Amino acid sequence: MKSLRFAIVVLIVMLLAAHVDAKVKVKSLCRVHYPSDARIEWQCRKLKWTDTPEKLFGEQWQDVLRFNRLDRRHFIGNISIKVPKRMEDIKDFTPLPATYPDAAEEEKFILLDQSEMFLGAYEYGELVFSFPAAVGIAGHRVPNGEFRIDAADRKHISNLYTIEEIGRRYPMHYALRFYVDKRAKGWTSYFIHGRDIPGYPASHGCIGLYDEEMQLEYYGAYDRKVNRPYYHELKPPFLEGAKKLYLWVIGSRHDPGGFHKISNGPRMLIVGTPPL
């Protein structure tokens, strides 16, 4: 009985420690360095609470967010971001290769470059779309290697973590499972799913993509209260990387909405080391 109690205490401490790690905030995205930064001249800009991406950057607001691996919820006062000296340099920004010859024979292929914190979808070796990705923090890294999407769940919910600020179970909408670590106790599952994209590693081992609709639903009331009078409500067009990838993977397959296995899902390659 004592050994069981000790094991439970150790597990709780480990989960709490992981939760604290994930709360580490980076105030300046200018110190998060990617290999592709060398191709673009940029300067650091500290945001005001009245700033919005649309107001500062007009039609290219999404390009600036992609360049910073950031969503609108984290575009707030006192955060410093990278602003290109020539906005045309980041039009339709992606640091991933336009072609991937090793996937030329594959109908669908997914590449995650952790050093760039970007995920791309390829069809017969041609990049069709890409999005910034939130990857794992130190001690909870996303595993590198070759995998295959083998399950999906449109409205997946975490059974381990809650949203610290509001106490709800952490949403993992548009979840795509790519790996089950059978060596770990409990068989840890790794997913691609919608989440906050703060511009630096932030997950416990999963891969996060844009899901601003989820943010409005789950965080809207909290953010309105905390950021008053500087709250900027998320409005369409929403950033929806997770949803787009999910629908692309599902394709013509039947989607019951809940958790279900996928046969012969897209191959996935994960490479690189996160910048922090």
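Mentor: What follows starts with the open sheet and then moves out to the chain. Keep in mind that this is a predicted model.

The sheet is open and has five strands. Their order is E10-E9-E8-E7-E11. The pairing is mixed. Strands in a sheet pair through backbone hydrogen bonds, in either the parallel or the antiparallel sense.

Start at the edges. Strand E10 covers 207–209, and strand E11 covers 260–261. Each has a single partner strand, so one side of each lacks a neighbour in the sheet.

Now take the E11 end. The partner here is strand E7, residues 151–162. E7 and E11 run antiparallel to each other and share two bridges. For a landmark, find Ala-152: His-260 of E11 stands opposite.

Step back to the whole protein chain. It holds five helices and twelve strands. The C-alpha trace spans about 60 × 50 × 35 Å along its principal axes. The radius of gyration is 19 Å, which agrees with the value near 19 Å for a compact globule of 276 residues. Of those 276 residues, 50% count as buried.

Next, contacts. Take those with a separation of 6 or more: 67% of them link residues 24 or more positions apart.

Finish with the surface and the charges. The chain exposes about 14,000 Å², and carbon and sulfur atoms supply 54% of that area. There are 40 positive and 34 negative side chains. The centres of these two sets lie 8 Å apart.

How values were computed
Residues are numbered from 1 along each chain as its sequence is written. This is a predicted model: local features need pLDDT of at least 70, side-chain atom pairs count only at pLDDT 80 or more; totals for chains, interfaces and linings use all residues. Side-chain values use heavy atoms; hydrogens and water are left out. Helices (H or I, at least four residues) and strands (E, at least two) are DSSP runs, numbered from the N terminus. The radius of gyration is taken over C-alpha atoms; the globule rule is 2.2 Å times the number of residues to the power 0.38. Buried means under 20% relative accessible area, exposed over 50%, partly exposed in between (1.4 Å probe, protein chains only). Contact means heavy atoms within 4.5 Å. Accessible areas come from the Shrake-Rupley method with a 1.4 Å probe; for residues, only the protein chains shown count as cover. Lys and Arg count as positive and Asp and Glu as negative; His and the chain ends are not counted. The place of a charge is taken as NZ of Lys, CZ of Arg, CG of Asp or CD of Glu. Two strands pair if DSSP finds at least two bridges between them.
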